[in-house]
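Hi,

Here is the model I promised to pass on.

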Amino acid sequence: MNTRTDFADEISINKDYKKTIKEYKEVKVTKMEILKNINKFNINKGSYYSIDFKDLLDDKQREKVSKVLVNTLHDLYKINKDDKILIVGLGNPGKKYENT
């Protein structure tokens, strides 16, 4: 049976995966490196990032999340000042959906 998850940081760790966590006060960045194309989670080989935080409505935290996001993107790609980037994400809005 194959399992599919959209969230790479939810998979268990073994020799085919490498997990790194960096914490910046209220913001946590999880980097999952999938080392093999063929794995039981049907996730392609590559690096996957999750950025977790509590309250984007808080001005200070929103500023911190923005800086962490920019730094994370710089880890992935060479970004120039005039480049345009589209960021799309999903989130679970509260406890009602946290296990979906």
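The secondary structure comes to one helix and three strands, with elements taken as DSSP runs numbered from the N terminus (helices are H or I with at least four residues, strands E with at least two). Along the sequence the pattern reads β-β-β-α.

Before the details, a word on the source: this is a predicted model, so local features need pLDDT of at least 70 and side-chain atom pairs count only at pLDDT 80 or more, while totals for chains, interfaces and linings use all residues. Residues are numbered from 1 along each chain as its sequence is written, and side-chain values use heavy atoms, with hydrogens and water left out.

Now the sheet. The three strands make an open sheet in the order β1-β2-β3, with antiparallel pairing; two strands pair if DSSP finds at least two bridges between them. β1 (17-24) and β3 (46-52) are at the edges with a single partner strand each, so one side of each has no neighbour in the sheet. On average, neighbouring strands are turned by 15° against each other, direction ignored (axes are lines fitted to C-alpha atoms, for helices over the stretch in contact, and angles run from 0 to 180 degrees between N-to-C directions).

Helix α1 (residues 59-76) packs on this sheet and touches β1, β2 and β3, a contact being heavy atoms within 4.5 Å. The direction of α1 makes about 175° with that of β3.

As for the pairings, β1 and β2 (residues 27-34) are joined antiparallel over eight bridges. Ile21 has Thr30 in β2 as its bridge partner, and Tyr24 stands opposite Val27 in β2. β2 and β3 also pair in the antiparallel sense, over seven bridges, with Tyr49 in β3 as the bridge partner of Lys31.

One spot to look at is the β1-β2 hairpin, which has two residues between the strands. Lys25 sits in that loop and takes a positive phi near 55°. Most residues other than glycine have a negative phi. Lys25 is also exposed, at a relative accessible area of 74% (buried means under 20%, exposed over 50%, partly exposed in between, with a 1.4 Å probe and protein chains only).

Finally, some totals. Buried residues make up 20% of the 100 residues. Among contacts with a separation of 6 or more, 32% come from residues 24 or more positions apart. The protein exposes about 8400 Å², with carbon and sulfur atoms supplying 50% of it; accessible areas come from the Shrake-Rupley method with a 1.4 Å probe, and for residues only the protein chains shown count as cover.

Cheers
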